[in-house]
Amino acid sequence: MSLDPVQVMKAQNPMPNTCPPASNGDSKASWEGSKDIHENMASTKKPKSPKPENAVTIAVSSRVMFRTEKEQKVFEEQGIEEYLRYQMEHENEPFAPGPAFPFVKALETVNNRLRELYPESEELFDIVLVTYNHAHVGVRLINTINHHNLFIERFVMTGGSSPIGYLKAWHTNLYLSADAEKVQEALAEGIAAATMFMSEKQIEVSETQLRVAFDGDAVLFSDESERIFKAHGLDKFFEHERENENTLLDHGPLKGFLELLGKLQKKFYAKGHRLDCPIRTYLVTARSAASSGIRALKTLRAWGLEIDEALFLAGAPKGPMLEKIRPHIYFDDQMFHVEGAAEMGAIAAHVPYGIAQKYPHKKSTNTA
């Protein structure tokens, strides 16, 4: 199975052709409505966005937030001018949800719980929608956001320019995109990032709990151990891990994001909500527990990080485990595992980092 962040979406249902009027009150008709409508709008006023320096900022590309394969085809076949014309002609038709949509909805669920417990706190998830589109397309994006009742107030519309500089200005903690090159560029700038995919089938995910699953090596940890395996084989890898059991692994590109999730979890624990915390984290690694897992666990403990569930699969396929976990997002550095997750309907994201990007994955490997 081969996944492409754009092409894989073509097997999905076509976009809906109609959309109810936008609910943000910007249209002339809404402002000419009755006093009761205005009072209802006031009573459902959206909360304020947190300051970027206080928030956990998640930048999401419009191409993974929504399904835009039809529009992408217009751009590729007919050019930019026809593409812009098409978008403006269809600006009242909402985009359908893309692979990042359930993840963002889950972030909003966590925010709602945090606001209940800490009304004045700005330690919240903040979503920034990032698009290469011209500003003319912003109308359709806003209409879509309102149609799906999302709380996304921050946009970056670059008109074809790279968004990486803006990501740094927003203090971005995670960037999700369909553009693998931009993801690599973000990683090179020290921003946690991943390329998102959607399988032809998609399992249902929790509406009350954010579930985030991580691979170990080259995701939470550095690729140090994986380099040993690639260069010298499995036996040398096991020997290296035993000899370095008490030596901490260096951090990988997603360590900081797990750290932020843990910080928010502790806010729930402090209010007595450990057992019903709306955030749950998972380590899903092909490492073996007895021979190489202890170093991973000791590293996480030394970092002060808690993983709710750790699965050491000893080289077994990850897909079936992810089907049971039903994560809103799963991060892995190897496309072999991303494809395996997608085959089971799990939402997976590729972290193009480390030595595995230079060598194809072999099914018999025992690291990850």
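The dialogue below takes up the overall fold, the core, the ring pairs and the charged pairs.

Mentor: This is a predicted model, in which local features need pLDDT of at least 70 and side-chain atom pairs count only at pLDDT 80 or more, while totals for chains, interfaces and linings use all residues. Residues are numbered from 1 along each chain as its sequence is written, and side-chain values use heavy atoms, with hydrogens and water left out.

Trainee: How many helices and strands does the protein chain have?

Mentor: Helices (H or I, at least four residues) and strands (E, at least two) are DSSP runs, numbered from the N terminus. The protein chain has 15 helices and 12 strands.

Trainee: What percentage of the residues count as buried?

Mentor: A residue is buried under 20% relative accessible area, exposed over 50% and partly exposed in between, with a 1.4 Å probe and protein chains only. Of the 368 residues in the protein chain, 53% count as buried.

Trainee: Which residues touch the most other members of the largest nonpolar core?

Mentor: In soluble globular proteins, nonpolar side chains tend to be buried together. A nonpolar core is a set of buried Ala, Val, Leu, Ile, Met, Phe, Trp, Tyr and Cys residues joined through side-chain atoms within 4.5 Å. The largest one here has 69 residues, and those touching the most other members are Ile58, Phe103, Leu210, Phe214, Leu254, Phe257 and Phe331. Helix H6 (residues 101-117) gives the largest share of this core, seven residues. Apart from it lies another core of 14 residues, including Phe197 and Ile325.

Trainee: Why is the pair of phenylalanine 66 and phenylalanine 95 called stacked?

Mentor: Rings of Phe, Tyr and Trp (its six-membered ring) pair if their centres lie within 6.5 Å; planes under 30 degrees apart count as stacked, over 60 as edge-to-face and the rest as tilted. The structure holds seven aromatic pairs. In the pair you name, the ring centres are 6.1 Å apart and the planes stand at 20°, so the pair is stacked. Phenylalanine 66 lies in strand S2 (residues 66-67) and phenylalanine 95 in the loop between helix H5 (80-89) and strand S3 (96-97), so the pair ties together parts 29 residues apart in sequence. Phenylalanine 66 counts as buried at 0% relative accessibility, and phenylalanine 95 counts as buried at 2%. By contrast, phenylalanine 75 and tyrosine 83 form an edge-to-face pair, 5.7 Å centre to centre with 75° between the planes.

Trainee: Which residue lies over the face of phenylalanine 95?

Mentor: A charge sits over a ring if NZ of Lys or CZ of Arg is within 6 Å of the ring centre and within 35 degrees of the ring normal. Arginine 140 lies over the face of phenylalanine 95, at 4.0 Å from the ring centre.

Trainee: How many salt bridges are there?

Mentor: Side chains of opposite charge can pair when their charged atoms come close. A salt bridge is a side-chain nitrogen of Lys or Arg within 4 Å of a carboxyl oxygen of Asp or Glu, and by this rule the count comes to 20. In one of them, the side chains of glutamate 241 and arginine 295 meet at 3.1 Å, N to O. Glutamate 241 lies in helix H11 (residues 234-243) and arginine 295 in helix H13 (residues 289-303), so this pair ties together parts 54 residues apart in sequence. Salt bridges that share partners join Asp217, Glu224, Glu241, Arg287 and Arg295 into one network.
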